[in-house]
Amino acid sequence: MKYLLVGILLSLIATIVSFGIWDVQKVSAITSIIGLFFIGVSLITSGAMVSGDRMRANFTTESDEGRVKRQNISLNSFLIGLPNILVAILFYYLLNNS
């Protein structure tokens with residue numbers, strides 16, 4: 001839950017900075033960059049970017065504690081990136097439909 005709040009806080013800070021320094025058009029770009037970074041970290045740490053034989057090899061050589069830690073990092077980075085992607089989609093939709 002706290003990682004979701006961190007993601008919301010990051011998207012709020014990015015929105016305020018974008019309004020203060022640039023214009024409204026940059027809000028979706030800044031928040032999407034932050035969101036895509038954390039979603040990318042989530043994909044890399046989850047092992048979703050490797051082939052099946054590499055995933056099996058990693059699974060057999062990995063300890064249970066290491067697997068749980070890796071899954072937690074993946075989930076937490078996804079929860080940080082999700083609010084940023086949602087804010088980016090919201091501002092993109094609002095700005096292009098008005």
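What follows covers the ground rules, a helix pair, a surface patch and some salt bridges.

## Ground rules

This is a predicted model, where local features need pLDDT of at least 70, side-chain atom pairs count only at pLDDT 80 or more, and totals for chains, interfaces and linings use all residues. Residues are numbered from 1 along each chain as its sequence is written, and side-chain values use heavy atoms, with hydrogens and water left out.

Helix α1 spans residues 2–21 and helix α4 spans residues 64–96; helices here are DSSP runs (H or I, at least four residues), numbered from the N terminus. The axes of α1 and α4 come within 7 Å and cross at roughly 35°. Those axes are lines fitted to C-alpha atoms over the stretch in contact, with angles running from 0 to 180 degrees between N-to-C directions. On the α1 side, the residues involved include Tyr 3, Gly 7, Leu 10 and Phe 19, and their α4 counterparts include Asn 76, Ile 80, Asn 84 and Phe 91. Contact means heavy atoms within 4.5 Å.

Leu 10 is a handy landmark. Setting aside residues up to four places away in sequence, Leu 10 touches Ile 34, Phe 38, Ile 80 and Asn 84. Leu 10 is partly exposed, at 28% relative accessible area; buried means under 20%, exposed over 50%, and partly exposed in between (1.4 Å probe, protein chains only). Over in α4, Ser 74 is buried at 8%, and beyond its neighbours within four places in sequence it contacts Ser 42, Thr 45 and Ser 46.

## A greasy patch

Leu 9, Leu 12, Ile 13, Ile 16, Val 17, Ile 21 and Trp 22 make a nonpolar surface patch of about 690 Å². To join such a patch, residues need over 30% relative accessible area and no salt bridge, with nonpolar side chains (Val, Leu, Ile, Met, Phe, Trp, Tyr) joined within 5 Å. Areas come from the Shrake-Rupley method with a 1.4 Å probe. Ile 13, a patch member, is partly exposed at 44%.

## Salt bridges

The whole structure has three salt bridges, each a side-chain nitrogen of Lys or Arg within 4 Å of a carboxyl oxygen of Asp or Glu. Glu 62 pairs with Arg 67 at 3.8 Å and with Arg 70 at 3.0 Å, while Arg 67 also bridges to Asp 64 at 2.9 Å. Together, Glu 62, Asp 64, Arg 67 and Arg 70 form a linked network.

Arg 67 and Asp 64 sit three residues apart in α4, so about one helical turn separates them. Arg 67 is buried at 15%, whereas Asp 64 is exposed at 52%.

How values were computed
Patches are made of residues with over 30% relative accessible area and no salt bridge: like charges are joined within 9 Å, nonpolar side chains (Val, Leu, Ile, Met, Phe, Trp, Tyr) within 5 Å. Helices (H or I, at least four residues) and strands (E, at least two) are DSSP runs, numbered from the N terminus.
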